Amino acid sequence: MYERKIPLTIDCGLHLTREILNGKWKPALLNAISMDVKRPSEILRILPEATRRVLNVQLKELEEHGIIEKKIYPQLPPKVEYSLTEIGWSLMPIIDAMNVWGDKNRDFLEKVIAQNPKTKEISKSPCDFIQVKITNAKGDNGYPHLAST
C-alpha cells in the first residue's frame, strides 16, 4: 500500500485542485463522463492507451473525492456506470479551459515536448472523436447538466 512521504499541502485552492486532478487520465476521465460515456468499457475504448488498472484506480480516487458517483446495477453480468456529481460538473470549465489552452498553444508545445530527450515517441489520441461528441452533447451553456431552462 502506498504511503505518502511528504505531508499533503492543501492550504490554497491550487493545491486542492491539483490533488483532485493529479493523475495522467483524470481530466480525460472527467471529460468522457461529462459527455455521457458512463461505462468502464466505453471509457477504455476512447482511452486505449490507459490500462484498466490505472483507470480503475483513478476512477476510485475521483469517487472518493466526491467528484464522480458510481452506480452498480444488481444484475448479471454486473453493470457499472459513472456520473459526475454537482461538484464534478463545477470542474468542467477548468477541464475545458485546459483543452482550449493546449489547442491554442499546440504548435509551440508540440515543438518543446518533441525536443525533450526524455520523449521517445509521440502518439495521437482520440481527441477529435471526443471533441465532436462534446460539441453534440453540450446544452446551450456548454454543459448538459447545467442546461438553461
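# Glu81 and its surroundings in a predicted model

Modeller: Glu81 touches Lys38, Arg39, Glu69, Lys70, Lys71 and Tyr73, leaving aside residues up to four places away in sequence; contact here means heavy atoms within 4.5 Å. This is a predicted model, where local features need pLDDT of at least 70, side-chain atom pairs count only at pLDDT 80 or more, and totals for chains, interfaces and linings use all residues. Residues are numbered from 1 along each chain as its sequence is written, and side-chain values use heavy atoms, with hydrogens and water left out.

Biologist: Where is Glu81 found?

Modeller: Glu81 belongs to strand 2, residues 79–84. Helices (H or I, at least four residues) and strands (E, at least two) are DSSP runs, numbered from the N terminus.

Biologist: Is Glu81 buried or exposed?

Modeller: Glu81 is buried, at a relative accessible area of 18%. Buried means under 20% relative accessible area, exposed over 50%, and partly exposed in between, using a 1.4 Å probe and protein chains only.

Biologist: With which side chain does the side chain of Glu81 make a polar contact?

Modeller: The partner is the side chain of Tyr73, at 3.0 Å. A polar contact is a pair of N or O atoms within 3.5 Å; within protein, one must be able to donate a hydrogen and the other to accept it, and residues adjacent in sequence count only if both atoms are side-chain atoms.

Biologist: What joins Leu76 and Pro77?

Modeller: A cis peptide bond, with omega about -10°. Pro77 sits in the loop between strand 1 (68–73) and strand 2.

Biologist: Turning to Asp36, what is its phi?

Modeller: Asp36 has a positive phi of about 80°, although it is not a glycine. The residue lies in the loop between helix 2 (26–34) and helix 3. Asp36 is exposed, with a relative accessible area of 52%.

Biologist: How many helices and strands does the protein chain have?

Modeller: There are 7 helices and 2 strands, in the order α-α-α-α-β-β-α-α-α along the sequence.

Biologist: What share of the residues is buried?

Modeller: Buried residues make up 27% of the 149 residues in the protein chain.
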